[in-house]
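I opened a new structure today and kept notes as I went. Here is what I looked up.

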Amino acid sequence: MPAFWRALGLPGLVDVHVHFMPPRLMSRVWEYFDSAGPLVGHDWPIRYKDPEEDRIGYLRGLGVRAFTSLAYPHKAGMAESLNEWTAGFAARVPECVPTATFFPEPEAAGYVRRAIDHGTRLFKVHLQVGGFDPRVPELDPVWGLLAEAGVPALVHAGSGPVANGFTGPGPFGEVLARHPRLTAIVAHMGAPEFAGFFALADRYERVHLDTTMAFTDFAGGLGEFPPGLLPRLRDLGLAGRILLGTDFPNIPYEYAHQLESLARLDLGEEWLRAVCWHAPVELLGLTPPLS
């Protein structure tokens, strides 16, 4: 891994899609993946079920200079306590980008405003696990707050690995139509509706996509990236709108495989430098050099 980023002339990597959660919640997530639960639908053996400090040390050893702690609620009443935990985690782990989340509930606008005021740089939204409609009235002021503040929302809006009624480019596309200045990162390249989410990126200049699990040898219900979109992928990457994401630790292969998968696309070293460093540094407002 260090050889990969050093060969590109980079000081390391920035990973926008990493999960750290309260230990009990993380254990439950791992149990759900182990059982191939209904929202997973596939065999999905977690590669890095290690203690928290070991996972932090592993990322440091790879040269991941900044990463997120994406947590997300599956029901009302969870988000605010998750935000307290992720804020505490970021305070004690210098490499962690302050991250928060929300759920459609009357209190959402208030705790999102507080999180922004306290320095949150990224919000995680999981439409598949949360099972909610992003267009509901309770969330309209939240999307407006994020658009006004320029704080990105990293949204699992694609239907992979298992669809529900609120995934796909349609529902989140309506949110963007209401809030065209919203800064968004579409997780997993929008898999498997790649073309639909690329169309949203064409329409809205603040829509980005992350590479999480895309292009790897593990399908996992996420679908195969259409070769016809590769020229657009290259253009968006060079424009700073494709970001490195991995889903660490919840992946069934070694971390390095995500980087290998990007390199074998053969889109050029400039593209890799943008995706793995320059684009996430700029979008998240990080200040290099990052230790």
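**Notes on His188 and its surroundings**

I began with His188, which touches His17, His156, Phe194, Asp210, Thr212, Met213, Leu222 and Asp247, leaving out residues up to four places away in sequence. Contact here means heavy atoms within 4.5 Å. The model is predicted: local features need pLDDT of at least 70, side-chain atom pairs count only at pLDDT 80 or more, and totals for chains, interfaces and linings use all residues. Residues are numbered from 1 along each chain as its sequence is written, and side-chain values use heavy atoms, without hydrogens and water.

Is His188 buried or exposed? I noted it as buried, because its relative accessibility is 5% (buried is under 20% relative accessible area, exposed over 50%, partly exposed in between, with a 1.4 Å probe and protein chains only). His188 sits in the loop between β6 (184-186) and α9 (194-203). Helices (H or I, at least four residues) and strands (E, at least two) are DSSP runs, numbered from the N terminus. A polar atom of the His188 side chain is 2.9 Å from the backbone oxygen of Thr212.

Next I traced the sheet. It is open, with 6 parallel-paired strands in the order β3-β4-β5-β6-β7-β8. Strands pair if DSSP finds at least two bridges between them. At the edges I found β3 (99-101) and β8 (242-243), each pairing on one side only. Strand β7 (residues 207-210) is joined to β8 by 2 bridges. Leu209 stands opposite Ile242 in β8.

Last, I checked Phe102. Beyond its neighbours within four places in sequence, Phe102 has contacts including Pro73, Tyr111, Phe123, Trp143 and Leu146.

Definitions and conventions
A polar contact is a pair of N or O atoms within 3.5 Å; within protein, one must be able to donate a hydrogen and the other to accept it, and residues adjacent in sequence count only if both atoms are side-chain atoms.
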